[in-house]
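Please look through the sequence and the structure shown here before reading on. The report below then takes up a few parts in turn.

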Amino acid sequence: MKTESIVYTKAFEFAIQIIELYKQLINEKKEYVMSKQLLKSGTSIGANIKEALAAQSKRDFIAKLHISLKETSETEYWIELLIKTDYITKDKGQSLLSELRQIYKMLSSIIMTAKKNMH
């Protein structure tokens, strides 16, 4: 199984940060709702990339990466909300958003290339 993917590695490392943030939010801030949503979407990005790497077809590959792309957008929403409600610092939030946007750009590029190569 191929997992030497840069975007997969970045998403996996991002998921670890999200899990650490989730633990901090529930233990220190007693925030359970937004943090759970963030945990789901933030870890789902890499899970869907992993599924894409084992795709049955090019269409399946693209579909799974599209799901990852949607999950990055949802994760961005929860991080922005956590910043605005002072559950996380602006610096911490901006750092996560910067990494998330890198993943988003990589996924977008991979999807465009895969679509071009289908024809």
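Serine 35 counts as buried, with a relative accessibility of 0%, where buried means under 20% relative accessible area, exposed means over 50% and partly exposed lies in between, using a 1.4 Å probe and protein chains only. This is a predicted model, in which local features need pLDDT of at least 70 and side-chain atom pairs count only at pLDDT 80 or more, while totals for chains, interfaces and linings use all residues. Residues are numbered from 1 along each chain as its sequence is written, and side-chain values use heavy atoms, with hydrogens and water left out.

Serine 35 belongs to helix α2, helices being DSSP runs of H or I with at least four residues, numbered from the N terminus. Leaving aside residues up to four places away in sequence, serine 35 touches Tyr22, Leu25 and Ile26, where contact means heavy atoms within 4.5 Å. A polar atom of the serine 35 side chain also lies 2.6 Å from the backbone oxygen of glutamate 31.

## Helix α3 and its surroundings

Helix α3 covers residues 58–84, and its 27 residues reach 39 Å from the first C-alpha to the last, close to the 39 Å expected at 1.5 Å a residue; the expected span is 1.5 Å times one less than the number of residues. The buried residues of α3 include Phe61, Leu65, Trp78 and Ile79, and among the elements that cover the buried residues of α3 are α1, α2 and α4. Aspartate 86, which follows α3, has a positive phi near 60°.

## Lysine 92 in helix α4

Lysine 92 is found in helix α4 and is partly exposed, with a relative accessible area of 32%. Lysine 92 and isoleucine 79 are 13 residues apart in sequence, and their C-alpha atoms are 9.5 Å apart in space.

Terms used: Helix = DSSP H or I, 4+ residues; strand = E, 2+ residues; numbered from the N terminus. Polar contact = N/O pair within 3.5 Å; in protein donor to acceptor, adjacent residues only side chain to side chain.
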